[in-house]
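Let's walk through this one together, a question at a time. Have the model open as you read.

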Amino acid sequence: MAIEQIKMPQLGESVTEGTINQWLVSVGDKVSKYDPLAEVTTDKVNSEVPSSFDGVIKELIAQEGETYEVGAVILTIETEGGGSAAPEAPAAPAAEAPATPAASTPAPAAAAPVAKTDNGGARYSPAVLKLSQEHGIDLSQVSGTGAGGRITRKDLNALIESGNIPKAGTAPAASTPAPAAAAPAPQAAPKAAAATTNVPVVPGDIEIPVSGVRKAIAANMLKSKHEAPHAWTMIEVDVTNLMSFRNSLKADFKKKEGFNLTPFAFFVKAVAQALKEFPMINSMWAGDKIVQKKDINLSIAVATEDALYVPVIKNADEKTIKGIAREIGELAGKVRSGKLSGADMSGGTFTVNNTGSFGSIQSNGIINHPQAAILQVESIVKRAVVMDNGMIAVRDMVNLCMSLDHRVLDGLVCGNFLKRVKEILENTSKENTSVY
């Protein structure tokens, strides 16, 4: 017999973690290869984790409602044949070597994804260990609220926020080197601050359980705001000619093509064209380098009653306005019918958000991590505008609001990018633009 590990899969190119929404198996269940084991929620999609083996469920390591990084072990399966159970054996000597010099524990960072300790049988996740090391927290003095008294990241965040941090002493420090040798695939659970806040509930208040999708959105937004130094800029655009052109086409277009020609399709096309001319905007921060993406894949935000999804228009710069309009409609339909797949949401390099559909005229978006910027297309409104000849005219005006990661982008390149988007939109007309 052998023990095989099932790890948190990567459900999308930029997905770094997932939340166990529900286990579909129990300890002792017999499963076949490809049987679904768990429902997993990410900030992009809901999916099932299939079994990679035939065998019997040995241990459910991950907890429902908890968030784990890609690569973290979530369960083990007992299988027939070959000796895969051995990987745990070398973990012990690797952890024993640095037992005396506790400060050197980061060195053996290649052990198992979830470490065990003799401290009352508690299980420390790598995320908990990392946080405890960063803030000097003595885990032996912390009471956990997780299953079986396990210490969670939420417990440590509460201690950090309170300022009442139990500092590591020389004696207890010697008992924690084993878990400190945990694997590089940390069990990331960046919870929203509200998770550690006690909110008084009085009669008449309605308590709404936080869904797996909402938890994933909260975690990704928190990560983006904490990691990326956000800057913000806005430009106003006269789209009178664009709207006149679109309005002259929309009825015949709908009759001929079977889907709507929305103003948003023109904005997405303009952004794709400008990104081709300013490729630095189409970049991502990667710690020791900036990755400038070759493909222009535009994420578009689509809202449902309780969540926000970001399906992706792949290679948007190569598509016509008609092609973009079709894809916007198809992706929005998939979101609302629950048929959106992981492939539909992977590979985004820049986000365009149609906040104007709610009547918003100005907003400050949170960047869709790990992208470097997001553009909010606000509501198109009629306003009195002083023209170049000094005359006052009623024009269709729209604000474009851009949030940017200041580690990657500076005001000059973003200003020039927005200026180019404005130029493209203001020159969109019947005379010089084709939707096909």
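A salt bridge here is a side-chain nitrogen of Lys or Arg within 4 Å of a carboxyl oxygen of Asp or Glu. Keep in mind that this is a predicted model.

Q: How far apart are the closest N and O atoms of Lys334 and Asp344?
A: Lys334 sits in helix α9 and Asp344 in the loop between α9 and β18 (350-353), so the pair ties together parts 10 residues apart in sequence. The two form a salt bridge, and their closest N and O atoms are apart by 3.3 Å.

Q: Is Asp344 buried or exposed?
A: Buried means under 20% relative accessible area. Asp344 has a relative accessible area of 13%, so Asp344 counts as buried.

Q: Which residue forms a salt bridge with Lys276?
A: Lys276 is in helix α8, and its partner is in the loop between β17 (312-313) and α9 (321-337). These are distant parts of the chain, 41 residues apart. The closest N and O atoms are 3.1 Å apart, and the partner is Asp317.

Q: Is Lys276 buried or exposed?
A: Exposed means over 50% relative accessible area, and buried means under 20%. Asp317 has 17%, so that end of the pair is buried. Lys276 comes in at 57% relative accessibility, so Lys276 is exposed.

Q: Which residues are linked with Glu423 in a network of salt bridges?
A: Glu423 and Arg420 both lie in helix α10 (residues 411-426), three residues apart, or about one turn of the helix. Their side chains meet in a salt bridge at 3.0 Å, N to O. Glu423 itself is partly exposed, with a relative accessible area of 42%. In the network, Glu423 is linked with Arg420 and Glu277.

Q: How many salt bridges does the structure hold?
A: The pairs above are among them, including Lys334 with Asp344 and Lys276 with Asp317. For the structure, the total is 12.

Q: Which residues is Met402 in contact with, leaving aside neighbours within four places in sequence?
A: Met402 is one of the residues with the most contacts inside the largest core. Its contacts include Ala231, Trp232, Thr233, Ile281, Ala373, Ile374, Leu375, Cys414 and Leu418.

Definitions and conventions. Residues numbered from 1 in each chain as written. Predicted model: local features only at pLDDT ≥ 70, side-chain atom pairs only at ≥ 80, totals over all residues. Heavy atoms only, no water. Core = buried A, V, L, I, M, F, W, Y, C linked by side-chain atoms within 4.5 Å. Buried < 20%, exposed > 50% of the residue type's maximum accessible area, 1.4 Å probe, protein only. Contact = heavy atoms within 4.5 Å. Helix = DSSP H or I, 4+ residues; strand = E, 2+ residues; numbered from the N terminus.
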